[in-house]
Amino acid sequence: MKRVIILLTIIATSHLAEGKIDLVTLPERDSVQLTIYNSADLTLVREQRSLTLKKGWNWLQLSWANTLIDPTSLSLEPLAGGDKLEIRQLVFPARTQQVGQWLIHSQISGKLGFEITYFTSGLSWRAFYMGTLAQDEKTMELAGYVRIANNSGEEYENAQTRLIVGKVHILDQIAELAKRNYPYGSPIPVPGERGGFGRASGRDLRWAEVDHGLRQGLSCGYGGGAAGFGMARPKEIKKEGLSEYFLYTIEGTETIADKWGKRLLSFEAEDIEVESLYKYDEERWRGQTIRFVKFANDEEHNLGETPIPNGNVKIYRQADDLGHLSYVGGTSVKYIPVDEEVELNLGPARLVSVEPTLMVFKTDNYRFDSRRNIAGWDEIRTWKIEITNTRELPIEIEITRGFGTAYWTLVYVDIASVADDAISYEKHDATHARFTLKRTPRSKWTFGYTVTTYHGVREEVMPK
Amino acid sequence: MNSKKMTLMAIVLLLAASGVVQARIKLVALPERGATVIRLDNPQWTLIEEERVLTLQQGINKVDFSWKGVSIDADSIRLRALDHPGKEVTLLNVSYPPNEAALVWEISCADNYAENVRISYLLRNIDRLITYKAIADKPETFVDLKSYLVLRNFSGEDFDKARVLLDYGEAFEQGIDHEETKQMLFLKADKVPITKIWTFDAAKLPWDPEKLENKNVGIPVSYRIVNDANSGLGEFALWGGKARLFQDDGQESTIFLGEDVSGMVPVGEKMELYIGDSRDIVVTQRKMKDIQINKVENNNDKVILYDTDEVITAKIENFKDGAAVLTMIQHIPGEWDMEKCTVDGKEWKLGVDYKKKNANTLEFEIKLPARDEDGPAAKELMMHYHRRHVRPR
């Protein structure tokens with residue numbers, strides 16, 4: 001059901017000031033295109049309508065009651081014959097609300113095509129993903145979806161639907177602009193309404209869940225031309241980079257009723273080689289070992305066609321040969337550019353642990369000032385790091401250790417006799433070292449290091 | 001259409017020169033408002049000039065000017081005789097009656113005249129805004145720029161017909177009612193060249209994306225437009241206003257790129273419009289060394305002065321399909337000197353390869369090629385510097 005219509009009234013006037021109404025028409029939209037953003041509550045609507053103009057002055061009235069249209073974004077452009085038409089002004093009449101009138105001077109009479117563009121609030125989309133790990137967790141299938149919701153108060157029938165991936169800068173929330181009493185505000189402050197052109201207080205749309213939107217199946221085709229002969233197929237989504245954005249154009253057209261949602265498959269990739277990566281960093285995760293699944297958004301991993309938009313990810317694992325699944329965990333993924341590595345944080349690891357133990361603490365090399373106060377010293381700590389991998393899979397682990405000072409040196413200590421794997425560390429930044437190592441399935445392994453930190457005048461022993 | 005309420009009254013009181021001081025009598029004549037000018041050249045105040053015909057008699061005339069429902073700066077009200085200025089029609093004084101939005105002009109007149117006068121005053125709550133709409137071409141080399149004038153009248157007064165004047169351009173006839181808003185195109189410039197700028201300011205953006213736990217660091221992206229003849233502009237200063245930028249998508253449609261608000265841009269100056277953030281350029285900046293050297297101690301062996309030995313590295317990766325030039329702003333507080341600055345191991349010289357914006361701010365322009373089949377284009381900036389004569393806190 002169409003709840004709200006945009007009323008187009010053409011008022012041809014012999015004398016401008018008299019406002020004599022000659023003609024009222026209600027032209028249907030010829031076509032409509034929606035470009036929906038996900039970083040802001042913003043949709044660019046572009047509709048084409050055929051209007052009958054008379055030679056001379058014409059008033060074209062547009063009303064948008066009960067919608068979430070930003071009146072400051074309204075734009076009217078002729079599709080052809082622009083040199084015969086002059087759009088003189090857009091008037092928001094006094095003592096009326098949600099009405100705009102264009103004053104058009106036409107040198108010709110007859111039916112002409114126009115394009116009306118505007119911003120609306122209330123349409124939104126988001127990306128989300130489902131990953132299914134193989135039993136050996138060496139590969140993963142990944143399916144990306146987009147889910148569109150319409151809470152705009154307007155029904156869009158057979159709309160070409162496009163989605164924008166990217167972080168757009170806006171000054172005012174469209175929903176706020178839509179609710180203003182006066183389109184451009186008033187020089188007199190109106191209670192509860194912000195003046196003119198301040199900065200937006202927040203930019204993320206609150207996603208309104210529309211549960212019955214899930215009635216739309218994933219792979220049953222949505223009409224509008226996608227189905228062809230024989231078996232229907234899911235619609236394709238064409239992806240293209242523009243400026244700092246990616247534009248997803250959904251094949252054919254969509255009808256998105258008010259308060260409904262729709263889910264579409266964005267991409268599917270199989271046999272993505274993944275690494276099981278574990279990280280340990282007390283400063284970030286308070287002693288927990290965190291599990292990651294690591295891959296890259298590139299061709300080598302059967303991906304890399306476009307960036308991956310940020311969204312939630314649900315990771316499953318093939319539980320057996322019969323296709324049963326087990327749920328591994330959910331996380332969110334940030335925007336991943338093409339060729340960048342992806343690390344999906346699956347939360348605390350249950351089967352891999354890292355346990356640092358302080359084995360030796362001593363101080364040394366005291367220096368005293370002329371008053372015999374302590375002026376410098378070294379602190380020497382020997383740590384034992386025990387890594388337990390109870391999984392049946394080999395793992396990679398990254399351990400970050402912070403020293404609280406930029407004055408430190410580190411040497412390995414052969415605590416355990418096991419030395420089958422070379423470990424290495426790199427200076428991560430001035431105050432941290434990072435160890436990366438690979439471990440075999442079902443193994444326990446220990447390594448050690450001694451870190452010396454220099455304090456007071458002993459800082460000077462640090463190599464320049 | 002004349003449904004407006006009359007809120008501004010010019011009342012002429014003709015007083016017999018009897019010298020009688022009396023209570024003011026209202027409404028003797030109501031001269032029609034003639035030519036009206038709305039002057040919007042001052043962004044804060046709107047000046048209204050209106051012409052009226054006053055029937056003046058020889059001797060002293062008192063003209064009562066009162067208003068209601070409008071906000072007029074009483075000190076701004078001026079009266080000028082147009083037909084017989086000077087000694088024939090002379091404004092003697094202005095008095096303000098108590099507790100009224102009104103004033104009384106005392107005018108000396110040499111003869112009986114139907115005098116055209118111009119009354120001017122500053123009226124609140126009628127103003128103009130400027131908005132811009134720009135559509136960039138697909139390769140982002142130029143924009144088609146349109147600017148709109150938005151007239152807002154919330155003054156309480158209807159203006160049937162007025163000459164509207166801006167600080168440049170032709171005046172135009174326009175009527176505007178109270179609570180009415182009108183939007184008009186007043187500037188159109190096609191193919192205005194633009195420069196696209198990506199900026200990483202180390203004082204404003206996070207250094208290490210890894211520490212953000214699954215959030216992207218957006219690198220701000222701006223378009224720069226120069227208000228000069230080369231751009232097809234440069235005839236006048238561009239007023240400040242909200243700008244909305246779109247881009248031709250190559251499919252006979254556009255996408256919305258972003259919006260920003262610009263200040264006034266004088267001729268020859270640049271307008272920079274921030275449109276959004278790029279997440280395809282990633283900067284990972286870390287301080288790799290930060291130690292004290294050249295320490296000086298006092299008699300109590302306490303360090304009172306030292307230098308620092310600091311190393312900062314910034315890895316810049318471009319995951320975009322196209323090349324980009326990243327403007328990188330770095331800050332070094334206090335007194336300092338650069339021991340060595342390299343990009344990809346090659347030494348960069350201050351004043352040649354990078355510049356000092358002020359005593360503590362450095363600006364680097366890092367040219368990033370497009371991503372290729374081997375992966376993102378990456379460059380590494382390294383700054384090895386010393387802060388000098390630092391006093392412990």
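Colleague: How far apart are the closest N and O atoms of A:Asp339 and B:Arg371?

Modeller: They are 3.9 Å apart, and the pair forms a salt bridge. Keep in mind that this is a predicted model.

Colleague: How many salt bridges does the rule find across the interface of chain B and chain A?

Modeller: It finds 13. On the chain B side that touches chain A, strand β19 (residues 281-297) gives the most, with eleven residues.

Colleague: And how many residue pairs are in polar contact there?

Modeller: The count is 46 across the interface, with both residues at pLDDT 80 or more. By class, the chain B side has 37 charged, 20 nonpolar and 19 polar residues.

Colleague: What area is buried between the two chains?

Modeller: About 6,700 Å². Carbon and sulfur atoms give 45% of that. In residues, 76 of chain B are in contact with 79 of chain A.

Colleague: Switching to sheets. Which strands form the open one with seven strands?

Modeller: The order is β12(A)-β18(B)-β15(B)-β14(B)-β21(B)-β25(B)-β24(B), with mixed pairing.

Colleague: How does β12(A) join β18 of chain B, parallel or antiparallel?

Modeller: Antiparallel, through two bridges to β18 (residues 270-278). A:Lys167 has B:Asp277 as its bridge partner.

Colleague: How many bridges join β21 and β25 of chain B?

Modeller: Eight, between residues 324-331 and residues 361-368, and the strands run antiparallel. B:Gln330 stands opposite B:Leu362 there.

Colleague: What about the hairpin of β6(A) and β7(A): which residue takes a positive phi?

Modeller: A:Arg95, near 60 degrees. The hairpin has six residues between its strands.

Colleague: Last topic, domains. Where does the assignment put them in chain B?

Modeller: Domain 1 covers 8-123, domain 2 covers 126-192 and domain 3 covers 281-388.

Colleague: What separates the centres of domain 2 and domain 3 of chain B?

Modeller: A distance of 46 Å, taken over C-alpha atoms.

Technical notes. Residues numbered from 1 in each chain as written. Chains lettered and ligands numbered in written order. Predicted model: local features only at pLDDT ≥ 70, side-chain atom pairs only at ≥ 80, totals over all residues. Heavy atoms only, no water. Pairing = 2+ DSSP bridges. Helix = DSSP H or I, 4+ residues; strand = E, 2+ residues; numbered from the N terminus. Domains from an automatic or database assignment. Contact = heavy atoms within 4.5 Å. Buried area = accessible area lost by both parts, 1.4 Å probe. Salt bridge = Lys/Arg side-chain N within 4 Å of Asp/Glu carboxyl O. Polar contact = N/O pair within 3.5 Å; in protein donor to acceptor, adjacent residues only side chain to side chain. Nonpolar A, V, L, I, M, F, W, Y, C, P; charged D, E, K, R; others polar.
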